[in-house]
Amino acid sequence: MLMQNKLWFTAIELAELQLSGLPRRKRDINRIAKAEGWVIATDEQGVPLARRRSGRGAGFEYHFTLLPASARADLARLGIVSADCRIVDTADAEGDAANLWRWLGGQPDSVREEAQRRLMILSRVDLFESGGGMTASMAVTTVAEAEGISASTIWNWRRLIAGVPAGDRLPHLAPRRAGGGIEAQVDPELWQELLSDYLRLSQPRWSESYRRIAAKAEKRGVSLPHSRTLWRKFQKEVPEQVVKLRREGEDALRRMLPAQIRSVADLHAMELVNIDGHRCDVFVRWLDGRIIRPTMIAIQDVYSRKFLAWRFAESEDMVTARMVFADLFANWGIPKGLLADNGRAFASKWLTGGAKTRFRFKIRPEDPTGLLTALGITIHWAKPYRGQSKPIERGFRDLCGALAKHPAFEGAYTGNKPDAKPENYGSKAVDLDTFLRVWNAGMEAHNRQLGRRSEMAMGRLSFDQVFEASYARSAIGKATEDQLRMALLAADQVRVDRNTGTITLANNRYWTEELAQFLGQQVTVRFDPERLHAPIHVYDRAGLFIATAPLWEATGFLDIAAAKRRQRLERNWKKSAKAAAEALDLLSADELVARLPDYDGDDSAAALKPGAARIVRHRGQTVAQLKAVSQTAEEPLRAPAGDATIDRLARAAARLHPVE
C-alpha cells in the first residue's frame with residue numbers, strides 16, 4: 001500500500017498504479033525513462049530528479065515531477081501527493097545526500113572549486129562566531145569585508161545549508177547555473193543538408209559548410225540560427241564516433257577503441273616468431289651501381305622482442321625470406337609458430353605450400369610442400385599494415401629513429417615519409433659495405449639495450465637477457481642437416497625427361513643414374529636459386545629423397561678429357577645395366593624356345609577356309625591396256641590414232657614385256 005505524500009517512485013510502483021499517460025508494464029516505463037533521460041534530469045535549480053534506490057534490487061527512483069501531467073493529476077486524486085507539492089526538500093529524505101554527492105561528482109571542476117570556496121568562507125564565519133565571541137551579524141560582516149564580497153551573499157549561503165549536517169554541506173553550496181534558454185529551431189531539411197555537407201571524408205570546415213547552407217536558406221527566405229549556435233547543437237546531438245567515421249574513415253573509428261592488450265606471459269622463447277619486411281630509409285649504392293633503398297626482412301621473437309635473423313634485398317621477395325628462415329633454423333632452432341601477413345614473400349608456395357589457410361595463390365593438391373609446412377610450423381596470418389597485430393612493427397619504428405639517422409648515413413637519410421624529407425635529401429648514397437656494417441652493429445645494439453619496457457623486460461632487462469633466460473629453460477626444436485638443406489633450397493615441381501632422365505631447370509640440365517627409374521614422372525627438386533650450377537636434390541611426390549643430381553655441363557667440342565669422362569661414364573653405365581640384367585637370371589633364346597610349345601605344322605590351321613571369296617577388280621585405263629597386251633602378245637601393240645597418252649603407255653608396256 002503506497003503512503004501519502006510519497007514523492008519518489010520506482011518503475012514497478014508506477015506500473016502498479018496504472019497512471020494515465022504511462023504504460024502498464026515496468027519494461028515500458030524503463031524504456032520511456034531511458035528515452036527521456038530521467039536518470040540525468042534536474043530541476044531549474046540543478047537538483048537531480050532521480051536517485052539511487054536503497055535496499056535490495058537497487059535501481060532508480062524518479063521524482064513525480066518527471067511524470068506526465070495526467071499521471072501527476074492521478075497521484076493528486078489518489079491522495080499520494082498534494083496538488084501544490086513540488087520537489088522534496090533534499091535534507092528530508094533518506095538517501096538524498098548520496099544523490100546530491102553523485103550529482104556534484106558529475107559537475108565540472110569549476111563548480112566543485114566554487115563550492116569549496118564557499119564552504120571555507122562559511123567555516124571562517126562559524127569560527128568567528130563560536131570562538132571569537134562575535135555575533136552572527138558581526139562575523140558575517142567581518143568575513144565579507146575580508147573576502148571582498150557582500151554580506152547578503154554570505155547570508156544566502158547560510159540559508160542553503162540550514163539544517164544540513166556539516167559533512168553534506170558541499171553539494172548544497174555548489175552553484176546551480178540555469179541553462180542558456182530555449183533550444184534553437186532550425187529547418188529539418190537545412191539541418192540535414194548541413195550535417196551531410198560537414199560529415200564528409202573531404203573534411204570541410206564548419207564555417208564553409210554553414211556558409212553554403214546559409215546562402216540556400218537566404219534564397220528560400222528561411223531564417224537560420226547563428227553558426228556557433230548550430231555548432232553547439234551539432235556537438236550535443238551528433239556522437240563523436242559518427243564524426244570520426246564520416247570525416248576520417250573506419251581506421252580512425254577503430255583507433256578510438258583502446259588497443260587490445262595481448263599478454264606473452266604464457267609463451268616462451270622461440271614458441272612464436274613474426275616476420276616482416278622493412279624498407280630502410282637510407283640511400284644505398286647497390287652491387288650493380290644503382291642507388292636504392294634496401295629492404296630488410298627480419299624475424300623477431302614475440303616473447304622477448306629480440307631480432308633473431310635478418311637479411312637485405314632490393315625488395316621483399318621469397319628467396320631472401322627463405323634465407324632468413326635458414327639463418328633462424330641454423331642459429332636458434334625451429335619455432336613452433338609463425339606470425340606473418342599474406343604478402344607475396346611470406347605466403348609463397350616455397351614457404352607455405354600445403355597450408356590450408358593460405359590467403360594467396362591457388363591451392364592445388366600437387367603443389368610441393370612448403371618449407372614451414374614441412375617442418376610443422378603453425379602459421380598465424382595477421383592483417384597487413386596493422387602494427388597492433390605484429391610486434392615487429394614496433395621494433396621497426398625504433399630502427400627508423402636509431403639506425404636510419406646514424407651519423408654514417410648523414411646525407412643518405414630519406415625521411416620516413418614523403419613530406420618529412422631532410423634539407424640534404426639525396427645528397428649522398430652510402431656504399432653497401434658501410435651500410436651493412438653499421439646496420440648490423442645497430443641491430444645487435446638494439447637487442448642489448450637495457451631498460452626495455454616490454455611486458456617481460458619490465459623496464460630493467462634487455463631483449464637479449466629476456467630471450468636467453470627463457471631459451472635456456474625451454475624445449476627448442478633443433479634442425480637436422482636435411483631440414484637445413486630444405487631451408488636453404490627452393491622447391492619446384494619438374495618432369496624427368498622420358499628418354500634420358502635429365503632434369504631441365506632454368507636452361508640448365510641435371511642428371512644422375514638414379515633418375516632412370518623416374519622417366520617421364522614429376523618430381524620435386526630443391527635447389528639454391530643463387531647457385532644454379534650447384535647440384536640439385538631430387539625428391540619424389542611423397543617427399544622421399546631420391547638422389548642429388550649434378551649439373552650436366554657443356555664441354556668443348558675437342559675437349560679430350562671430357563671425351564674420356566664420357567667414355568668412362570658410358571662404360572660404367574653399360575656395366576651397371578649388364579649387372580642388373582644378370583641379377584634377373586634371364587633365359588637365353590634357345591632355352592626360351594625349348595620351353596615354348598612345338599611349332600611343327602598344325603593341320604587345323606591349314607584346313608581353315610573362308611566362307612566366300614570376294615573378287616577384287618582393278619579399274620583404270622593403265623591396267624586395262626596392260627591386260628590387253630598380255631592377251632595379244634604376238635601382235636604388235638598399236639594405239640588408236642589421235643590418242644597420244646595411250647600410245648605412250650603402250651610403248652612403255654612393250655619395253656617391260658618384249659615380244660619374242
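## Report on a predicted chain

At the start of helix 18, the backbone nitrogen of Asp-433 has a side-chain oxygen of Asp-431 within 3.3 Å; helices (H or I, at least four residues) and strands (E, at least two) are DSSP runs here, numbered from the N terminus. The model is predicted, so that local features need a pLDDT of at least 70 and side-chain atom pairs count only at pLDDT 80 or more, whereas totals for chains, interfaces and linings use all residues. Residues are numbered from 1 along each chain as its sequence is written, and side-chain values use heavy atoms, with hydrogens and water left out.

Helix 18 covers residues 432-448, and its 17 residues reach 24 Å from the first C-alpha to the last, close to the 24 Å expected at 1.5 Å a residue, the expected span being 1.5 Å times one less than the number of residues. Among the buried residues of helix 18 are Leu-432, Phe-435, Val-438, Trp-439 and Met-443, together with the polar Thr-434, His-446 and Asn-447; buried means under 20% relative accessible area, exposed over 50%, and partly exposed in between (1.4 Å probe, protein chains only).

The loop between helix 18 and helix 19 holds Ser-454, where a polar atom of the Ser-454 side chain lies 3.2 Å from the backbone nitrogen of Ala-457. Leaving aside neighbours within four places in sequence, Ser-454 is in contact (heavy atoms within 4.5 Å) with Phe-463 and Arg-305. Arg-305 itself lies in the loop between strand 7 (295-301) and strand 8 (307-313), and its phi is near 70 degrees, a positive value in a residue other than glycine. Most residues other than glycine have a negative phi. Gln-18, in the loop between helix 1 (11-17) and helix 2 (26-36), also has a positive phi, near 55 degrees.

| Residue | Loop | Relative accessible area |
|---|---|---|
| Gln-18 | between helix 1 (11-17) and helix 2 (26-36) | 39% |
| Asp-168 | between helix 7 (151-160) and helix 8 (169-173) | 23% |
| Asp-288 | between strand 5 (284-285) and strand 6 (291-292) | 47% |
| Arg-305 | between strand 7 (295-301) and strand 8 (307-313) | 21% |

Two of these residues take part in polar contacts between side chains. A polar contact is a pair of N or O atoms within 3.5 Å; within protein, one must be able to donate a hydrogen and the other to accept it, and residues adjacent in sequence count only if both atoms are side-chain atoms. The side chain of Asp-288 makes such a contact with the side chain of Arg-290, at 2.6 Å, and the side chains of Asp-168 and Trp-101 are joined by one of 3.1 Å. Not counting residues up to four places away in sequence, Asp-168 touches Trp-101 and Ala-97; the C-alpha atoms of Asp-168 and Ala-97 are separated by 6.6 Å, although the two residues are 71 residues apart along the chain.

Glu-61, in strand 3 (residues 60-63), is by contrast buried, at 12% relative accessibility. Beyond residues up to four places away in sequence, Glu-61 touches Trp-8, Phe-9, Thr-10, Leu-49, Ala-50, Arg-51 and Arg-53.

The structure holds 0 disulfides, a disulfide being a pair of cysteine sulfur atoms within 2.5 Å. For Cys-400, the closest cysteine sulfur is that of Cys-280, 8.4 Å away and therefore too far for a bond. Cys-280 is buried, with a relative accessible area of 0%, and Cys-400 also counts as buried, at 18%.

Over the whole chain, the secondary structure comes to 25 helices and 17 strands, and buried residues make up 38% of the 660 residues. Of the contacts with a separation of 6 or more, 59% are between residues 24 or more positions apart.

The confidence of the prediction, given for each residue as pLDDT from 0 to 100, averages 77 over the chain, and 72% of the residues score at least 70. Among the elements of the chain, helix 19 (residues 463-471) has the highest mean pLDDT (93) and helix 24 (residues 621-631) the lowest (48). Over residues 621-626 the pLDDT is below 50, and this stretch has 4 contacts in the model beyond near neighbours in sequence. Residues 363-369 likewise stay under 50, with 16 contacts beyond four places in sequence. Where pLDDT is low, the predicted coordinates should not be read in detail.
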